Amino acid sequence: MKIGLDIMGGDFAPQATVLGAISAYKALKPDQKLVLIGDKDIALGILAENNFDPDSFEYVHTTEVIGMGEHPTKAIVQKPNSSIGIGFKLLKEGEIQAFSSAGNSGAMLVGAMFSVKAIPGVLRPAITSIMPKLEEGLGILVDVGANADCKPEYLLQFGIFGSLFAQYVYNIPNPRVALVNIGEEEEKGNILYQAAHPLMKETKQFNFVGNAEGRDMFSGIADVFVCDGFTGNIMLKFAESFYDIAHKKGIKDAFFDKFNYEQYGGSPILGVNAPVVVGHGISNPEAIKNMVLLSKNMVESALTDKIKLAFQ
């Protein structure tokens, strides 16, 4: 297995990404190799500073970078030799089995669509994120930003993505899937959610448990929470603020510690033909390590094949 890591992506790259690669290497098996994509000379300097064997990694050298503020589509087209562009080229050609980056998230989404493309039958790929539960375990929120505007059929497919992701990557048996809404009753919500509910209720492709309200997000009512990307992104950013507030207030609490993004590493783009993980722009070495390990778990679980099978 070879996992591609963009070492130029992120606010603290390449220092944080290379240090994260070192930490990830220590958690990988001998047959699991990391391919560092970016400025090799800088990477070798950081490895030397940390007395780490450079032969532990493979390298694909490039100095071109897609900035965090660049237009995703223009950047992917105009910068094919960027670290993100090369990463997707390697992924498409099968030189690596997964690709991850904490760089421009829009470019990662566009790059995935342009290179490995959506799985046949998938209307729109989606991005997932973890929502911790008040008790034990975790919940999965999908979509969290890839699709601000949705059709009912998209939400149905998001439920399939989330259910398979929960089952095969996080080992949650028969995951319960809920539709995020403004009330528990079936008829609640706007036109989109009123139309999506019966589609999800009638499907046999996942275990639908009905509507869930915002206050249910951290409860055990469901394992997967489905919504459009506009709603999901707002909920995600709001949830992320809990850890920052608790930290600033000096609050020591095990539940609030679960909101630390570092633990989860990144957000997978589900519905494309290969494992792609997008990390937080402010990722530190610990987050980078966990982003790599999530990529590894997605390859090992054969999640992409499971999604393909569901859409045959």
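Visitor: Which side chains meet K89 and E93 in a salt bridge, or how is that pair to be read?Guide: A salt bridge is counted where a side-chain nitrogen of Lys or Arg lies within 4 Å of a carboxyl oxygen of Asp or Glu. Here the side chains of K89 and E93 meet in one, at 3.0 Å from N to O. This is a predicted model, in which local features need pLDDT of at least 70 and side-chain atom pairs count only at pLDDT 80 or more, while totals for chains, interfaces and linings use all residues. Residues are numbered from 1 along each chain as its sequence is written, and side-chain values use heavy atoms, with hydrogens and water left out.

Visitor: Are K89 and E93 buried, exposed or partly exposed?

Guide: Burial is read from relative accessible area: under 20% is buried, over 50% is exposed, and partly exposed lies in between (1.4 Å probe, protein chains only). K89 is partly exposed at 46%, and E93 is also partly exposed at 46%.

Visitor: How many salt bridges does the structure hold?

Guide: The structure holds ten. Another of them joins the side chains of K133 and D223, at 3.0 Å from N to O. That pair links distant parts of the chain, with K133 in the loop between β5 (126-132) and β6 (138-142) and D223 in the loop between β8 (207-212) and β9 (224-226), 90 residues apart. Helices (H or I, at least four residues) and strands (E, at least two) are DSSP runs, numbered from the N terminus. Both K133 and D223 are buried.

Visitor: With which residue does R176 form a salt bridge?

Guide: R176 pairs with D223, the closest N and O atoms being 3.1 Å apart. R176 lies in strand β7 (residues 176-180) and D223 in the loop between β8 and β9, so the pair ties together parts 47 residues apart in sequence. R176 is partly exposed at 27%, whereas D223 is buried at 7%. Through shared partners, salt bridges join K133, R176 and D223 into one network.

Visitor: What volume has the largest pocket?

Guide: On a 1 Å grid over the protein atoms alone, a pocket is an open set of points where a 1.4 Å probe fits, with protein on both sides within 12 Å along at least five of seven lines; lining residues have an atom within 4 Å of a point. Its volume is the space filled by probe spheres set on the points, which are joined across faces, edges and corners. The largest pocket has a volume of about 610 Å³. Of its 34 lining residues, L236, E240, S267, V278 and H280 are the closest to the centre.

Visitor: Which element gives the most to that lining?

Guide: β5 does, with six residues.
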